Amino acid sequence: MRTIGYIIQKEFIQIFRDKTMLPIIIIMPFVQLIVLVYAATFEMKQIDMVVVDQDLSTTSRQLISKFQGSPFFVLEGNTFSMDEAEDMIKSDKADIVMVIPNDFQKKLMSGETSAIQLIVNAINATAAGLTNAYSSYVIADFNKNILTENINFIQPIQTRSIDVSYSYWYNPELNYKIYMLPGILVILVTIIGAFLAALNIVREKEMGTIEQINVTPIQKYQFITGKLLPFWIIAMAEFAFGLTLGKLLFDIPIVGNLGLLFGFAGVYLLVALSLGLLISTMASNQQQVMFIMFFFLLTFILMSGIFTPVESMPDWAQKVNIINPFAYFMRVIRMVLLKGSGFSDISYEFYSLLIYASLIFSLAVWRYRKTA
Amino acid sequence: MPDFSIDIQNLSKTFGPVKALDDVSFQVEKSEIFGLIGPDGSGKTSLFRILTSLLLPDSGMATMEGYDVVKSYKIIRQITGYMPGRFSLYYDLTVEENLAFFATIFGTTIKENYDLIKDIYIQIEPFKNRRAGNLSGGMKQKLALSCALIHKPKVLVLDEPTTGVDAVSRKEFWEMLKKLKQQDITIIVSTPYMDEASLCDHVALIQKGKILSIETPANIRNAFSHPLYKIAYPDMYRLLTTLRTFSEAVSAHRFGDSIHVALKTRTGEKEVRSFLEEQGLKDVALEPVRPNIEDCFMDLMNDTHD
């Protein structure tokens, strides 16, 4: 124990003496939380629309003003030429083109169905989906009014329809920041913890200091533990720091138990840091570590469900996520923070990560060779 | 069984096509300074890494103080002090922090073994709050030696400890080694400097993973069987090329401002002079010289080439 204590002490001296390390640890949460939370949003604020109104009737104008009244749409242009409308999509000036045919009002008035055409720029599939959903919503709303107006006018009977009302649980205003922030927090602590730990051992290899350590009677588990704990402490502090920033800057809800969240974060970081250490016991220089870490981080982050729900991924991808520590924490941090889940709700994730942590840690200890 | 500190039997190690160690066997007596002399890539470092349990041999065995370096590696690490060829202490820790760190890892304290390192440490103590990375070469080496000694090892393994160190520090360093020897510490040291070899109790010449000879420095020089002359001439290059065409010369090597030429037995000063005059080299300075370790080493290397 005394030996481990001394290694930890030594690591902290070195970390605090490093002139670049400390600023990174402190500045990174600010930049990541502030920039990423605002930037990485799926909310559509400005959908540029071009209308090809061949009808020029009262009804068509009503429909257009309906769009103008929506906070999401901006009427970018009005034209009679289809070619011109298409050009605007091609030159990225418009996200959506709405074509209203010249018999639009006539057909509606005579009780027939009229068709309009929507052309959506789908370079960004997610944005296109949202654009389509928003405009369908506007049109459906318009449809309902047309229907009731006309029917009342012709024959006053009661319409029967299902009235749907929504309630968005755990994030009533569908605030995207509240969804993103916990995810970014996960990435933040992982990068700080795992990268620092992984680069550390390999730096000892590059400097040759590991040679001097290897001839001492130090046990392998002592060395790896001594390397893991300092960065675990730093990552936990970073987590607390990031959470505080989130509360102060974005007022993220903290519904669940903080102790539970930190307990889970602790186990998660054991996995992340052990992975980092395992990689660094195998690599021989910092470049290799960077490449391998980058590969794993990128794959794991994109599969973790930070942007896209894991449930909509193909079956095999969900299976791959069994070995993706990000996926566990991503799910749990949102459950605990937003939903207030208790231990029984996250016990599967908790025990899975606990097993995972002991597995990877043992592997790292085993893989660390004092003898070539 | 004789009382050896280090016993090496038929040790071999290959790295791909390179034979780093080729059936090496030798013994080192207790509390002596044993020198390993050889050019770069001759296998010195590989041998030391095997002795300090950092590298596994392909075949053969080695014991230190009776402990097998492979099987009893845990004990080996307790009783060995190793100073790698490259400075391997923490650059960003201070002198004192480095020493305290290694003391703790070995389960001891600076205080406990202060006596052993006192003579060395006292010289760097004024700089104890300076980071190791900011020390001069000589001070770095003293710190490394202190760290290697802090757990009172029985065997000290020093891999080219004086490379890149100034002449004064080198001299001081060897004096320290002599003192340590008196404290019953066996020292095995490698060096590329031939002059340091004469300071060892025994010297092993190693080349291409093979031990060429093991002798006391005096015996190595006595074993030199050729008459040796030191020759100087203003045009050194011409002198050297001319001497190398001399059928009676065994070898000719440049040593600073003169050339050492080893001759076949029974050839003497006269023959050399007349040969050189025939070749148009007049008034050369020529005198017999006692062979130094380097002459012997060159000679041994020539033998293995043939």
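Start at Glu349(A), which counts as buried because its relative accessibility is 6% (buried: under 20% relative accessible area; exposed: over 50%; partly exposed: in between; 1.4 Å probe, protein chains only). This is a predicted model, in which local features need pLDDT of at least 70 and side-chain atom pairs pLDDT 80 or more, while totals for chains, interfaces and linings use all residues. Residues are numbered from 1 along each chain as written, chains are lettered from A and ligands numbered from 1 in written order, and side-chain values use heavy atoms, without hydrogens and water.

Arg331(A) lies in helix α13 (residues 325-339) and Glu349(A) in helix α14 (residues 343-367) of chain A, so the pair ties together parts 18 residues apart in sequence (helices are DSSP runs of H or I, at least four residues; strands of E, at least two; both numbered from the N terminus). Arg331(A) is partly exposed, at 32% relative accessibility.

Next, select Arg49(B) and Glu211(A), a salt bridge with its closest N and O atoms 2.3 Å apart. Arg49(B) sits in helix α1 of chain B and Glu211(A) in helix α8 (residues 209-214) of chain A, so this pair joins two chains. Both residues are buried.

Now show the open sheet of chain B: four strands in the order β2-β1-β4-β5, with antiparallel pairing (strands pair if DSSP finds at least two bridges between them). The edge strands are β2 (18-29) and β5 (67-68) of chain B.

Terms used: A salt bridge is a side-chain nitrogen of Lys or Arg within 4 Å of a carboxyl oxygen of Asp or Glu.
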